[in-house]
Every structure is written in structure tokens, then in C-alpha cells.
Amino acid sequence: MRQLNSRQKTALWLIAIVITLASIVYQKMTGPTYPVRTNVTLNGKNFKYRLLRSHDTNGDAVIDLNVPDSTYRAIYQYRRYHSKDLWTTDTLKAENNIIRIAVPKQPAAGKVMYKVSLLNSDGKTISLTEAPIIIRFKGAVPLYVLIPHIFFMFFAMLISTRTGLEALANGSSAYKYAWWSFGLLFIGGMILGPLVQKFAFDAFWTGWPFGHDLTDNKTFLALIFWGIALWRHKKTGDGRKWFVIAAVVQFFVYLIPHSALGSEIDYTKVPQ
């Protein structure tokens, strides 16, 4: 391994930052909790709507739809996800050019499917949802837990990427960065992560072997690979290849949408 010069180090840090930010944006925008954004043309004007897919359990999920005038109506249908419920249908009127939809609140991990269409004065129906939207309710997570969790998970990804790049460049700091990657991921994902999960869904861990939550499982998988990489370096004196593998694993782990296959209530098994 060799000592990298300041220009090489700066270049690797910039590349690591770009990769980290890109992966986080991708994960956020493709995740099952990211709002569905849609736009339609009404009376010759473009209207953009943000349809929620996540909300706290402290109240109904309220969605306000701006419309051109008070003649517009909304046909709103909903039912609990994984239930034997029939669809409930409401016709909502506009007040001050706003139609307000309220998805009924659920306990933590409860989900509701809903569909929304607009109806103009000519009787034309404009659907805002190609397929029913699924919204999941969660408990509020205190900022003193959430912010450190986000901080540690962000820097775990950043240092992991930097470790992989350092190893590819045969830099002498790869082993040091690998320990930082392992430590940041352990604190953010295995200590603070379960605390976030407990506040949100009243369970510290819902991954293997107790469940199939991908958020828990993918974090554990990445941590295992970093542990293997550190062990191989200690055993052979050269874990460069394993540092790259662990960084690649963590990169793809971060691309898996957050909350995929997460906690949810099966209402078919809950007493009515």
C-alpha cells in the first residue's frame, strides 16, 4: 500500500461524496414512503398534487387538493390494506378551491389503500392515481434519536465509499477507514436503528430471524461484510480486496428502498 498525495485524497473524497449523495437521493425517491407526485391539467392550467404514503399515528393523513373552482368534486375511495374491508367511497366538495381528503389514522404499522379522482362540472372524471396508493402509519420518532441515526448512517455510507476507493487506489488508510465504516454502521444501524424502529413501530428488530424487514436485514448484511473484511485483513495483512467488496455490498444495500418489506398489520388476522 502507498501513501496518497493531497490531490489524490481530495479527488477520492469528492467522488465519495457524489456517490453517497446520489445513492441517498435515489433511495429516498424510490422508497415506498416517498409521496406520489402527479399533475393534471384542469381548465387549461397545470395542477400538481402530492399524495402521501407515510404519516404519523397522531391523526388522519390530510391531503389538500387545489382545484380551479368550487364546481369540482373528488371521488375518494379507501380501505385498510390486507383486510377484508369493502371500499368506502366518499364524494367530497371543494371549499375555497380546495378539496380536503383525510385518510383515517391507523395504529403503528397499519396501512390504508386509497384512490382519488376529480369530477368536473361536465361529469368528466380525472383519475389522480393509476393504482391504489398505500399509506403506512408510524409512531413519531423524537428528533434526539432520529437526527443522530441519520447522521451516523450518512457518514457510514460516505466512509464506506471512501474506504472502497482508498483500497482500489492501494492507499495506506484503507484499514483505518474500514474500522470507521464498521463503527459508524454499527452505531447508526444496530443501536440507533432499533431505537427508531421501536418509536415508529413498537419493535426493536423485525429482521431475520424474527421477520423480513429489509431495512434491518440489509444493515446486518453490510455489517457482516465489514466484519469479514476486517477479519481477513487481520489474518492476511492485506484486506484490500475485501474492503472493496464490503464497500460495494454497502452501496447496493443503500440502493434498496428504505422501509421495503417493513412492519405492517395484517388486518385479516386482527379481531374486528
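How many helices and strands does the chain have? The chain has 5 helices and 10 strands, and the model you are looking at is predicted. With a radius of gyration of 23 Å, well over the 19 Å that the globule rule gives for 272 residues, the chain is more spread out than a compact globule. Here is a friendly tour, from the overall shape down to single residues.

**Overall shape and surface**

- Taken along the principal axes, the C-alpha atoms of the chain fill a box of roughly 75 × 50 × 30 Å.
- G44 itself sits in the loop between β1 and β2, and it is exposed, with a relative accessible area of 71%.
- The chain has an accessible surface of about 14800 Å², and carbon and sulfur atoms account for 61% of that.
- Of the 272 residues in the chain, 42% are buried.
- If you take contacts between residues at least 6 apart in sequence, 69% of them join residues at least 24 apart.

**Two nonpolar cores**

- As background, nonpolar side chains in soluble globular proteins tend to be buried together.
- In this chain, the largest nonpolar core has 28 residues, and Y49, L65, I99, Y114 and L118 are those with the most contacts inside it.
- At least two residues of this core come from each of β1 (36-42), β2 (45-51), β4 (61-66), β5 (73-80), β7, β8 (111-119) and β10 (133-138).
- β8 supplies the largest share of this core, 4 residues.
- Apart from this core lies another one, of 21 residues, with A167, A174, V253 and Y254 among them.

**A nonpolar patch on the surface**

- Which residues form a nonpolar patch on the surface? They are Y144, F186, I187, I191, L195, F199 and F204, and together they have about 660 Å² of accessible area.
- Helix α3 gives the most to this patch, with 5 residues.
- I187, one of the patch residues, is placed in helix α3.
- A relative accessible area of 32% makes I187 partly exposed; the cut-off for joining a patch is over 30%, so I187 passes it.

**Backbone angles worth a look**

- Most residues other than glycine have a negative phi, which gives the next two cases their interest.
- N97 is not a glycine, yet it has a positive phi of about 65°.
- You will find N97 in the loop between β6 (88-93) and β7 (98-103), where it is partly exposed, with a relative accessible area of 33%.
- D202, also a residue other than glycine, has a positive phi near 60°.
- The place of D202 is in the loop between α3 (174-201) and α4 (214-236).
- D202 is exposed, with a relative accessible area of 56%.

Definitions and conventions. Residues numbered from 1 in each chain as written. Predicted model: local features only at pLDDT ≥ 70, side-chain atom pairs only at ≥ 80, totals over all residues. Heavy atoms only, no water. Buried < 20%, exposed > 50% of the residue type's maximum accessible area, 1.4 Å probe, protein only. Patch = residues over 30% accessible without salt bridge, like charges linked within 9 Å, V, L, I, M, F, W, Y side chains within 5 Å. Areas by Shrake-Rupley, 256 points an atom, 1.4 Å probe, with all protein chains shown as cover. Salt bridge = Lys/Arg side-chain N within 4 Å of Asp/Glu carboxyl O. Rg over C-alpha atoms; globule rule 2.2 N^0.38 Å. Contact = heavy atoms within 4.5 Å. Core = buried A, V, L, I, M, F, W, Y, C linked by side-chain atoms within 4.5 Å.
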